[in-house]
Amino acid sequence: MIRFERLGKSFGEHRVLEDFTLSIPEGQTTVLMGYSGTGKSVLLKHIVGLLEPDAGRVIVDELVVHELAYDELMELRARIGYVFQFAALFDSLNVADNVGMGLRRQGLDRDAITARVQECLRLVELEDAGERYPAELSGGMRKRVGIARAIALRPRYILYDEPTTGLDPVTTAAMNELMIRARRELGATSVVVTHDLASAFTVADRIAFLDQGRVRQAGTAQEIRATSDPLVREFLAGYLDRGNGGHA
Amino acid sequence: MSGAEPAPVPASSWLHDALVQSGRWVIDARRAVADVATWRPHLLPQMRKLGVDSVPVALFIAVFTGMVLALLSSYMFTRAIPLYFVGTLVTKAVMLELGPVLTGMALAGRVGANVAAELGTMRVTEQVDALETLAISPHAYLVTPRVLAATLMFPVVTALAITVGVVSGWLTAVNLLDLSTSEFLRGAQQFYKFKDIWFGLVKSASFGTAVATMGCFQGLQARGGAEGVGKATRYSVVLGCEAILVLDAFWALVLL
(Lines give C-alpha, C1' and ligand atoms only; values in the text may rest on other atoms or scores of the structure.)
Protein backbone atom coordinates (compact mmCIF):
# COMPACT_ATOMS: atom_id res chain seq x y z
CA MET A 1 0.00 0.00 0.00
CA ILE A 2 1.26 3.49 -0.91
CA ARG A 3 0.01 6.51 1.04
CA PHE A 4 0.77 10.18 0.60
CA GLU A 5 0.10 12.04 3.84
CA ARG A 6 -0.10 15.83 3.71
CA LEU A 7 2.83 15.93 1.29
CA GLY A 8 4.36 19.30 0.46
CA LYS A 9 7.10 20.06 -2.04
CA SER A 10 8.46 23.26 -3.53
CA PHE A 11 11.20 23.99 -6.06
CA GLY A 12 12.52 27.42 -5.19
CA GLU A 13 9.54 29.76 -5.06
CA HIS A 14 7.34 27.35 -7.00
CA ARG A 15 5.10 25.26 -4.77
CA VAL A 16 4.30 22.01 -6.59
CA LEU A 17 2.55 19.94 -3.91
CA GLU A 18 0.65 21.20 -0.91
CA ASP A 19 -1.05 19.10 1.70
CA PHE A 20 -1.34 16.27 -0.81
CA THR A 21 -3.10 13.21 0.62
CA LEU A 22 -3.97 10.04 -1.31
CA SER A 23 -3.96 6.27 -0.84
CA ILE A 24 -3.06 3.91 -3.69
CA PRO A 25 -5.04 0.68 -3.27
CA GLU A 26 -3.21 -2.64 -3.35
CA GLY A 27 -3.28 -4.68 -6.57
CA GLN A 28 -5.00 -2.02 -8.64
CA THR A 29 -3.96 0.51 -11.27
CA THR A 30 -4.31 4.11 -10.16
CA VAL A 31 -3.93 6.84 -12.74
CA LEU A 32 -2.76 10.31 -11.72
CA MET A 33 -4.16 12.92 -14.08
CA GLY A 34 -4.10 16.67 -14.26
CA TYR A 35 -2.76 19.68 -16.09
CA SER A 36 0.99 20.05 -16.63
CA GLY A 37 2.95 21.22 -13.61
CA THR A 38 0.56 19.81 -11.02
CA GLY A 39 3.26 17.57 -9.55
CA LYS A 40 2.32 14.16 -10.93
CA SER A 41 5.87 13.03 -11.80
CA VAL A 42 7.13 14.61 -8.57
CA LEU A 43 4.82 12.24 -6.68
CA LEU A 44 6.36 9.21 -8.40
CA LYS A 45 9.87 10.39 -7.50
CA HIS A 46 8.85 10.68 -3.86
CA ILE A 47 7.68 7.06 -3.84
CA VAL A 48 11.18 5.78 -4.73
CA GLY A 49 12.99 8.36 -2.62
CA LEU A 50 14.50 10.29 -5.54
CA LEU A 51 13.02 13.41 -3.94
CA GLU A 52 12.53 14.26 -0.28
CA PRO A 53 9.36 16.01 0.83
CA ASP A 54 9.45 19.47 2.39
CA ALA A 55 6.44 18.51 4.51
CA GLY A 56 4.36 15.40 5.14
CA ARG A 57 5.44 11.90 4.20
CA VAL A 58 5.11 9.05 1.73
CA ILE A 59 4.47 5.61 3.19
CA VAL A 60 5.16 2.45 1.22
CA ASP A 61 4.52 -0.93 2.85
CA GLU A 62 4.18 0.92 6.19
CA LEU A 63 7.68 2.42 5.75
CA VAL A 64 8.18 6.19 5.71
CA VAL A 65 10.32 6.56 2.60
CA HIS A 66 12.38 9.63 3.48
CA GLU A 67 13.20 8.28 6.96
CA LEU A 68 14.67 5.00 5.69
CA ALA A 69 18.33 4.16 6.16
CA TYR A 70 20.31 3.66 2.95
CA ASP A 71 20.09 -0.15 2.95
CA GLU A 72 16.38 -0.08 3.73
CA LEU A 73 15.80 2.36 0.87
CA MET A 74 17.71 0.06 -1.50
CA GLU A 75 15.54 -2.87 -0.39
CA LEU A 76 12.41 -0.83 -0.96
CA ARG A 77 13.57 0.27 -4.42
CA ALA A 78 14.13 -3.36 -5.37
CA ARG A 79 10.37 -3.85 -4.84
CA ILE A 80 9.45 -0.98 -7.14
CA GLY A 81 9.74 -0.86 -10.94
CA TYR A 82 9.96 2.59 -12.50
CA VAL A 83 9.17 3.25 -16.16
CA PHE A 84 10.58 6.63 -17.16
CA GLN A 85 8.92 9.02 -19.58
CA PHE A 86 11.79 8.81 -22.09
CA ALA A 87 12.73 5.26 -21.02
CA ALA A 88 16.10 6.38 -19.52
CA LEU A 89 17.86 3.34 -20.99
CA PHE A 90 21.61 3.10 -20.40
CA ASP A 91 22.91 3.95 -23.83
CA SER A 92 26.28 2.25 -23.33
CA LEU A 93 24.56 -1.11 -22.72
CA ASN A 94 22.58 -3.29 -25.10
CA VAL A 95 18.93 -4.13 -24.50
CA ALA A 96 19.61 -7.41 -22.68
CA ASP A 97 22.11 -5.76 -20.33
CA ASN A 98 19.69 -2.91 -19.69
CA VAL A 99 16.96 -5.33 -18.70
CA GLY A 100 19.32 -7.44 -16.59
CA MET A 101 20.94 -4.46 -14.89
CA GLY A 102 19.07 -4.72 -11.59
CA LEU A 103 19.20 -8.51 -11.49
CA ARG A 104 22.94 -8.83 -10.87
CA ARG A 105 22.52 -7.21 -7.49
CA GLN A 106 19.99 -9.87 -6.53
CA GLY A 107 22.68 -12.53 -6.61
CA LEU A 108 21.19 -14.43 -9.55
CA ASP A 109 23.65 -16.48 -11.60
CA ARG A 110 24.30 -15.76 -15.28
CA ASP A 111 21.88 -18.42 -16.58
CA ALA A 112 19.08 -17.24 -14.33
CA ILE A 113 19.64 -13.64 -15.43
CA THR A 114 19.61 -14.62 -19.11
CA ALA A 115 16.40 -16.61 -18.62
CA ARG A 116 14.69 -13.76 -16.74
CA VAL A 117 15.80 -11.19 -19.34
CA GLN A 118 14.42 -13.35 -22.17
CA GLU A 119 11.17 -13.84 -20.27
CA CYS A 120 10.75 -10.08 -19.81
CA LEU A 121 11.68 -9.30 -23.42
CA ARG A 122 9.13 -11.91 -24.55
CA LEU A 123 6.46 -10.20 -22.44
CA VAL A 124 7.11 -6.91 -24.25
CA GLU A 125 7.47 -8.72 -27.60
CA LEU A 126 11.11 -7.79 -28.11
CA GLU A 127 12.73 -11.18 -27.66
CA ASP A 128 14.95 -10.68 -30.74
CA ALA A 129 16.20 -7.23 -29.73
CA GLY A 130 18.52 -8.26 -26.90
CA GLU A 131 21.74 -7.46 -28.76
CA ARG A 132 20.60 -4.08 -30.05
CA TYR A 133 21.56 -0.77 -28.48
CA PRO A 134 19.06 1.90 -27.38
CA ALA A 135 20.14 4.25 -30.19
CA GLU A 136 18.97 1.60 -32.69
CA LEU A 137 15.43 1.42 -31.27
CA SER A 138 12.28 3.42 -32.04
CA GLY A 139 10.59 5.46 -29.28
CA GLY A 140 7.96 2.77 -28.73
CA MET A 141 10.55 0.01 -28.54
CA ARG A 142 12.58 2.00 -26.03
CA LYS A 143 9.52 2.39 -23.82
CA ARG A 144 8.84 -1.35 -24.05
CA VAL A 145 12.43 -2.07 -23.02
CA GLY A 146 11.87 0.36 -20.14
CA ILE A 147 8.88 -1.72 -19.05
CA ALA A 148 10.88 -4.95 -19.40
CA ARG A 149 13.62 -3.47 -17.20
CA ALA A 150 11.06 -2.36 -14.62
CA ILE A 151 9.35 -5.75 -14.40
CA ALA A 152 12.56 -7.80 -14.45
CA LEU A 153 12.86 -7.45 -10.69
CA ARG A 154 9.31 -8.80 -10.32
CA PRO A 155 8.29 -5.69 -8.43
CA ARG A 156 5.39 -5.31 -6.07
CA TYR A 157 4.77 -1.82 -7.44
CA ILE A 158 5.19 -0.44 -10.97
CA LEU A 159 5.32 3.31 -11.56
CA TYR A 160 4.73 4.58 -15.10
CA ASP A 161 5.66 8.16 -15.98
CA GLU A 162 3.83 9.24 -19.15
CA PRO A 163 4.11 5.79 -20.74
CA THR A 164 2.26 6.67 -23.97
CA THR A 165 3.40 10.24 -24.58
CA GLY A 166 4.68 10.74 -28.10
CA LEU A 167 3.59 7.32 -29.38
CA ASP A 168 1.40 6.60 -32.37
CA PRO A 169 -2.10 5.14 -31.71
CA VAL A 170 -1.10 1.56 -32.52
CA THR A 171 1.93 1.65 -30.24
CA THR A 172 -0.15 3.39 -27.57
CA ALA A 173 -2.69 0.54 -27.68
CA ALA A 174 0.17 -1.97 -27.38
CA MET A 175 1.54 -0.08 -24.38
CA ASN A 176 -1.88 -0.08 -22.72
CA GLU A 177 -2.13 -3.82 -23.28
CA LEU A 178 1.35 -4.26 -21.80
CA MET A 179 0.44 -2.33 -18.66
CA ILE A 180 -2.67 -4.44 -18.21
CA ARG A 181 -0.71 -7.67 -18.78
CA ALA A 182 2.05 -6.59 -16.39
CA ARG A 183 -0.48 -5.96 -13.67
CA ARG A 184 -2.38 -9.18 -14.36
CA GLU A 185 0.66 -11.46 -14.63
CA LEU A 186 2.68 -9.93 -11.81
CA GLY A 187 -0.21 -8.87 -9.60
CA ALA A 188 1.59 -5.58 -9.11
CA THR A 189 0.09 -2.35 -7.84
CA SER A 190 0.50 0.21 -10.60
CA VAL A 191 0.61 3.99 -10.56
CA VAL A 192 0.36 5.66 -13.96
CA VAL A 193 0.98 9.34 -14.64
CA THR A 194 -0.54 10.34 -17.95
CA HIS A 195 -2.26 13.07 -19.95
CA ASP A 196 -3.55 10.49 -22.39
CA LEU A 197 -7.24 10.14 -21.46
CA ALA A 198 -7.92 7.16 -23.69
CA SER A 199 -4.99 5.34 -22.13
CA ALA A 200 -6.06 6.41 -18.62
CA PHE A 201 -9.58 5.04 -18.99
CA THR A 202 -8.24 1.84 -20.58
CA VAL A 203 -5.84 0.89 -17.80
CA ALA A 204 -7.28 2.58 -14.70
CA ASP A 205 -9.14 0.99 -11.84
CA ARG A 206 -9.03 4.31 -10.05
CA ILE A 207 -8.22 7.84 -11.16
CA ALA A 208 -7.03 10.80 -9.09
CA PHE A 209 -7.29 14.24 -10.66
CA LEU A 210 -4.68 16.70 -9.39
CA ASP A 211 -5.02 20.46 -9.30
CA GLN A 212 -2.74 23.03 -7.66
CA GLY A 213 -0.75 20.40 -5.82
CA ARG A 214 -3.74 18.63 -4.27
CA VAL A 215 -6.23 15.92 -5.17
CA ARG A 216 -9.19 17.63 -6.77
CA GLN A 217 -11.17 14.43 -7.24
CA ALA A 218 -10.47 10.71 -6.83
CA GLY A 219 -12.63 7.74 -7.66
CA THR A 220 -13.18 4.84 -9.97
CA ALA A 221 -12.90 5.39 -13.71
CA GLN A 222 -16.70 5.35 -13.92
CA GLU A 223 -17.03 7.96 -11.16
CA ILE A 224 -14.54 10.25 -12.89
CA ARG A 225 -16.37 9.83 -16.22
CA ALA A 226 -19.60 10.89 -14.51
CA THR A 227 -18.07 13.79 -12.59
CA SER A 228 -19.91 17.06 -12.17
CA ASP A 229 -16.73 18.95 -11.17
CA PRO A 230 -16.39 21.70 -13.81
CA LEU A 231 -12.58 21.65 -13.85
CA VAL A 232 -12.40 17.89 -14.30
CA ARG A 233 -15.13 18.00 -16.93
CA GLU A 234 -13.19 20.72 -18.79
CA PHE A 235 -10.09 18.51 -18.75
CA LEU A 236 -12.07 15.51 -19.98
CA ALA A 237 -14.24 17.48 -22.39
CA GLY A 238 -12.63 16.45 -25.65
CA TYR A 239 -12.56 12.81 -24.62
CA LEU A 240 -16.18 12.69 -23.38
CA ASP A 241 -17.45 14.64 -26.40
CA ARG A 242 -16.13 11.89 -28.62
CA GLY A 243 -18.74 9.57 -27.08
CA ASN A 244 -16.68 7.95 -24.36
CA GLY A 245 -19.32 8.32 -21.62
CA GLY A 246 -20.38 11.10 -19.31
CA HIS A 247 -23.56 13.06 -18.94
CA ALA A 248 -23.26 16.24 -20.79
CA MET B 1 4.93 46.70 -4.43
CA SER B 2 5.79 44.76 -7.53
CA GLY B 3 9.36 43.94 -8.49
CA ALA B 4 10.56 43.61 -4.87
CA GLU B 5 13.99 42.02 -4.75
CA PRO B 6 14.20 38.58 -3.13
CA ALA B 7 15.66 38.58 0.36
CA PRO B 8 19.37 37.71 0.34
CA VAL B 9 20.23 34.19 1.45
CA PRO B 10 21.96 34.38 4.86
CA ALA B 11 25.59 33.24 4.83
CA SER B 12 24.84 30.76 7.63
CA SER B 13 22.20 29.08 5.45
CA TRP B 14 24.63 28.82 2.52
CA LEU B 15 27.33 27.43 4.79
CA HIS B 16 24.88 24.97 6.32
CA ASP B 17 23.83 23.71 2.88
CA ALA B 18 27.46 23.41 1.77
CA LEU B 19 28.36 21.44 4.89
CA VAL B 20 25.35 19.15 4.53
CA GLN B 21 26.18 18.55 0.87
CA SER B 22 29.85 17.86 1.66
CA GLY B 23 28.87 15.51 4.47
CA ARG B 24 26.57 13.59 2.14
CA TRP B 25 29.34 13.25 -0.42
CA VAL B 26 31.74 11.88 2.19
CA ILE B 27 29.16 9.34 3.39
CA ASP B 28 28.28 8.39 -0.20
CA ALA B 29 31.97 8.06 -1.08
CA ARG B 30 32.69 5.72 1.85
CA ARG B 31 29.69 3.59 1.01
CA ALA B 32 30.57 3.52 -2.68
CA VAL B 33 34.18 2.45 -2.12
CA ALA B 34 32.95 -0.38 0.11
CA ASP B 35 30.59 -1.57 -2.67
CA VAL B 36 33.42 -3.39 -4.49
CA ALA B 37 31.13 -5.72 -6.46
CA THR B 38 29.55 -2.74 -8.21
CA TRP B 39 32.65 -0.76 -9.20
CA ARG B 40 35.25 -3.51 -9.79
CA PRO B 41 33.97 -4.64 -13.24
CA HIS B 42 34.23 -1.05 -14.48
CA LEU B 43 37.70 -0.24 -13.18
CA LEU B 44 39.81 -1.74 -15.98
CA PRO B 45 37.67 -0.29 -18.82
CA GLN B 46 37.90 3.13 -17.17
CA MET B 47 41.68 2.77 -16.72
CA ARG B 48 41.94 2.11 -20.43
CA LYS B 49 39.58 4.93 -21.38
CA LEU B 50 40.92 7.62 -19.03
CA GLY B 51 44.55 6.51 -18.94
CA VAL B 52 45.72 4.48 -21.93
CA ASP B 53 43.67 6.49 -24.43
CA SER B 54 45.20 9.71 -23.03
CA VAL B 55 48.79 8.61 -23.68
CA PRO B 56 49.11 10.09 -27.22
CA VAL B 57 48.12 13.63 -26.15
CA ALA B 58 50.41 13.47 -23.10
CA LEU B 59 53.36 12.27 -25.19
CA PHE B 60 52.74 14.90 -27.85
CA ILE B 61 53.02 17.61 -25.19
CA ALA B 62 56.07 15.94 -23.61
CA VAL B 63 58.04 15.82 -26.89
CA PHE B 64 57.76 19.56 -27.41
CA THR B 65 58.24 20.41 -23.74
CA GLY B 66 61.58 18.56 -23.63
CA MET B 67 62.70 20.13 -26.89
CA VAL B 68 61.82 23.70 -25.88
CA LEU B 69 63.36 23.26 -22.41
CA ALA B 70 66.68 22.18 -23.92
CA LEU B 71 66.72 25.10 -26.35
CA LEU B 72 65.66 27.65 -23.72
CA SER B 73 68.20 26.49 -21.14
CA SER B 74 71.00 26.57 -23.70
CA TYR B 75 69.94 30.12 -24.61
CA MET B 76 69.92 31.19 -20.92
CA PHE B 77 73.21 29.50 -20.02
CA THR B 78 75.24 30.91 -22.90
CA ARG B 79 78.74 31.81 -21.63
CA ALA B 80 77.58 32.06 -18.00
CA ILE B 81 76.93 28.46 -16.95
CA PRO B 82 78.50 25.26 -18.33
CA LEU B 83 76.32 23.82 -21.07
CA TYR B 84 76.04 20.39 -19.43
CA PHE B 85 73.60 22.05 -16.99
CA VAL B 86 71.09 21.78 -19.84
CA GLY B 87 70.80 18.13 -18.77
CA THR B 88 70.19 19.19 -15.17
CA LEU B 89 67.51 21.69 -16.04
CA VAL B 90 65.69 19.49 -18.52
CA THR B 91 65.48 16.46 -16.22
CA LYS B 92 64.71 18.42 -13.04
CA ALA B 93 62.07 20.63 -14.66
CA VAL B 94 60.39 17.76 -16.50
CA MET B 95 60.39 15.37 -13.52
CA LEU B 96 59.42 17.84 -10.82
CA GLU B 97 57.11 20.27 -12.52
CA LEU B 98 56.44 20.34 -16.22
CA GLY B 99 55.82 16.62 -16.71
CA PRO B 100 53.20 16.27 -13.97
CA VAL B 101 51.57 19.70 -14.39
CA LEU B 102 51.37 19.87 -18.18
CA THR B 103 50.20 16.25 -18.36
CA GLY B 104 47.68 17.01 -15.61
CA MET B 105 46.39 20.07 -17.47
CA ALA B 106 46.06 18.15 -20.73
CA LEU B 107 44.23 15.34 -18.94
CA ALA B 108 42.04 17.83 -17.06
CA GLY B 109 40.76 18.85 -20.46
CA ARG B 110 40.44 15.39 -21.88
CA VAL B 111 39.42 13.32 -18.85
CA GLY B 112 37.54 16.02 -16.93
CA ALA B 113 35.46 17.03 -19.94
CA ASN B 114 34.82 13.41 -20.90
CA VAL B 115 33.65 12.44 -17.42
CA ALA B 116 31.51 15.55 -16.88
CA ALA B 117 29.86 15.30 -20.30
CA GLU B 118 29.15 11.58 -19.92
CA LEU B 119 27.71 11.79 -16.42
CA GLY B 120 25.94 15.07 -17.19
CA THR B 121 24.18 13.48 -20.16
CA MET B 122 23.23 10.51 -17.99
CA ARG B 123 21.87 12.92 -15.37
CA VAL B 124 19.71 14.99 -17.72
CA THR B 125 18.37 11.92 -19.54
CA GLU B 126 17.38 10.37 -16.17
CA GLN B 127 19.83 7.46 -16.52
CA VAL B 128 21.25 8.33 -13.11
CA ASP B 129 17.75 8.28 -11.63
CA ALA B 130 17.18 4.95 -13.37
CA LEU B 131 20.27 3.52 -11.67
CA GLU B 132 18.94 4.63 -8.31
CA THR B 133 15.52 3.11 -8.92
CA LEU B 134 17.29 -0.18 -9.70
CA ALA B 135 18.89 0.05 -6.24
CA ILE B 136 22.34 0.70 -7.74
CA SER B 137 24.38 3.51 -6.22
CA PRO B 138 25.54 5.99 -8.91
CA HIS B 139 28.53 6.74 -6.70
CA ALA B 140 29.60 3.10 -6.73
CA TYR B 141 28.70 2.46 -10.37
CA LEU B 142 29.84 5.71 -11.98
CA VAL B 143 32.03 7.78 -9.66
CA THR B 144 34.27 5.27 -7.86
CA PRO B 145 35.69 3.48 -10.94
CA ARG B 146 36.41 6.81 -12.66
CA VAL B 147 38.11 8.40 -9.66
CA LEU B 148 40.15 5.26 -8.92
CA ALA B 149 41.09 4.83 -12.57
CA ALA B 150 42.27 8.45 -12.86
CA THR B 151 44.18 8.23 -9.57
CA LEU B 152 45.99 5.09 -10.72
CA MET B 153 46.54 6.06 -14.36
CA PHE B 154 47.61 9.72 -14.11
CA PRO B 155 51.00 8.69 -12.60
CA VAL B 156 51.47 6.05 -15.30
CA VAL B 157 50.76 8.53 -18.09
CA THR B 158 52.92 11.13 -16.33
CA ALA B 159 55.82 8.66 -16.01
CA LEU B 160 55.66 8.02 -19.75
CA ALA B 161 55.48 11.75 -20.44
CA ILE B 162 58.50 12.40 -18.20
CA THR B 163 60.50 9.72 -19.99
CA VAL B 164 59.60 11.06 -23.42
CA GLY B 165 60.21 14.67 -22.30
CA VAL B 166 63.71 13.85 -21.04
CA VAL B 167 64.53 11.81 -24.15
CA SER B 168 63.26 14.65 -26.34
CA GLY B 169 65.43 17.13 -24.42
CA TRP B 170 68.45 14.84 -24.77
CA LEU B 171 67.93 14.36 -28.53
CA THR B 172 67.55 18.12 -28.98
CA ALA B 173 70.69 18.80 -26.94
CA VAL B 174 72.74 16.24 -28.88
CA ASN B 175 71.47 17.20 -32.32
CA LEU B 176 70.87 20.94 -32.12
CA LEU B 177 73.22 22.10 -29.36
CA ASP B 178 76.91 21.57 -28.99
CA LEU B 179 76.47 18.92 -26.30
CA SER B 180 77.42 15.24 -26.16
CA THR B 181 75.35 12.45 -24.62
CA SER B 182 77.86 12.02 -21.79
CA GLU B 183 77.70 15.74 -20.97
CA PHE B 184 73.91 15.66 -20.96
CA LEU B 185 73.97 12.63 -18.63
CA ARG B 186 76.53 14.29 -16.39
CA GLY B 187 74.21 17.26 -15.99
CA ALA B 188 71.21 15.02 -15.43
CA GLN B 189 73.00 13.05 -12.67
CA GLN B 190 74.60 16.06 -11.01
CA PHE B 191 71.75 16.98 -8.66
CA TYR B 192 69.55 13.92 -9.10
CA LYS B 193 67.65 12.66 -6.06
CA PHE B 194 65.25 9.74 -5.90
CA LYS B 195 62.66 12.18 -4.61
CA ASP B 196 62.62 13.82 -8.07
CA ILE B 197 60.84 10.74 -9.38
CA TRP B 198 58.28 10.03 -6.70
CA PHE B 199 57.48 13.67 -6.04
CA GLY B 200 56.11 14.10 -9.57
CA LEU B 201 54.22 10.83 -9.47
CA VAL B 202 52.60 11.53 -6.09
CA LYS B 203 51.53 14.92 -7.40
CA SER B 204 50.07 13.43 -10.55
CA ALA B 205 48.05 10.87 -8.56
CA SER B 206 46.48 13.71 -6.60
CA PHE B 207 45.79 15.56 -9.88
CA GLY B 208 44.00 12.47 -11.18
CA THR B 209 41.83 12.27 -8.06
CA ALA B 210 40.96 15.96 -8.28
CA VAL B 211 40.23 16.02 -12.02
CA ALA B 212 38.00 12.92 -11.95
CA THR B 213 36.20 14.00 -8.77
CA MET B 214 35.52 17.42 -10.26
CA GLY B 215 34.24 15.88 -13.50
CA CYS B 216 31.96 13.45 -11.65
CA PHE B 217 30.66 16.13 -9.29
CA GLN B 218 29.92 18.60 -12.06
CA GLY B 219 28.38 15.90 -14.25
CA LEU B 220 26.05 14.64 -11.53
CA GLN B 221 25.01 18.22 -10.71
CA ALA B 222 24.09 18.96 -14.35
CA ARG B 223 20.54 20.18 -14.91
CA GLY B 224 18.47 21.40 -17.81
CA GLY B 225 19.49 19.52 -20.95
CA ALA B 226 22.33 20.25 -23.36
CA GLU B 227 23.04 23.67 -21.90
CA GLY B 228 23.43 22.18 -18.42
CA VAL B 229 25.79 19.51 -19.73
CA GLY B 230 27.87 22.16 -21.52
CA LYS B 231 28.07 24.22 -18.34
CA ALA B 232 29.08 21.19 -16.27
CA THR B 233 31.78 20.31 -18.79
CA ARG B 234 33.17 23.84 -18.83
CA TYR B 235 33.23 24.08 -15.02
CA SER B 236 34.82 20.66 -14.79
CA VAL B 237 37.76 21.66 -17.00
CA VAL B 238 38.26 25.08 -15.41
CA LEU B 239 37.99 23.81 -11.84
CA GLY B 240 40.15 20.77 -12.67
CA CYS B 241 42.95 23.04 -13.95
CA GLU B 242 42.62 25.31 -10.93
CA ALA B 243 42.73 22.32 -8.58
CA ILE B 244 45.94 21.15 -10.27
CA LEU B 245 47.63 24.51 -9.69
CA VAL B 246 46.51 24.64 -6.05
CA LEU B 247 47.65 21.06 -5.41
CA ASP B 248 50.93 21.76 -7.17
CA ALA B 249 51.62 24.62 -4.75
CA PHE B 250 50.45 22.48 -1.81
CA TRP B 251 52.83 19.60 -2.61
CA ALA B 252 55.70 22.02 -3.19
CA LEU B 253 55.10 23.47 0.27
CA VAL B 254 54.68 20.11 1.96
CA LEU B 255 57.21 17.86 0.25
CA LEU B 256 60.09 20.06 -0.96
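**View 1. Centre of the second largest pocket in the predicted model.** The second largest pocket has 23 lining residues. Five of them lie nearest its centre: L93(A), M101(A), T38(B), H42(B) and Y141(B).

**View 2. Helices of chain B around the second largest pocket.** At least two lining residues come from each of α2 (36-51), α4 and α6 of chain B. α2(B) provides the largest share, eight residues. Sorted by class, the lining of the second largest pocket holds 10 nonpolar, five polar and eight charged residues.

**View 3. Centre of the largest pocket.** The volume here is about 1,600 Å³. The lining of the largest pocket counts 42 residues. Nearest the centre lie G49(A), L50(A) and E52(A) from chain A, with R24(B) and E132(B) from chain B.

**View 4. Elements that line the largest pocket.** Chain A brings β1 (2-11) and α2 (70-77), each with two or more lining residues. Chain B brings α1 (11-34), α4 (85-124), α5 (127-133), α6 (138-176) and α8 (195-221), again with two or more residues each. The top contributor is α1(B), with 10 residues.

**View 5. Residue classes in the lining of the largest pocket.** Among the residues nearest the centre of the largest pocket are R24(B) and E132(B).

Definitions and conventions
Residues numbered from 1 in each chain as written. Chains lettered and ligands numbered in written order. Predicted model: local features only at pLDDT ≥ 70, side-chain atom pairs only at ≥ 80, totals over all residues. Heavy atoms only, no water. 1 Å grid on protein atoms, 1.4 Å probe; cavity = no way out; pocket = protein on both sides within 12 Å on 5 of 7 lines; lining within 4 Å. Points joined across faces, edges and corners; volume = space filled by probe spheres on them. Helix = DSSP H or I, 4+ residues; strand = E, 2+ residues; numbered from the N terminus. Nonpolar A, V, L, I, M, F, W, Y, C, P; charged D, E, K, R; others polar.
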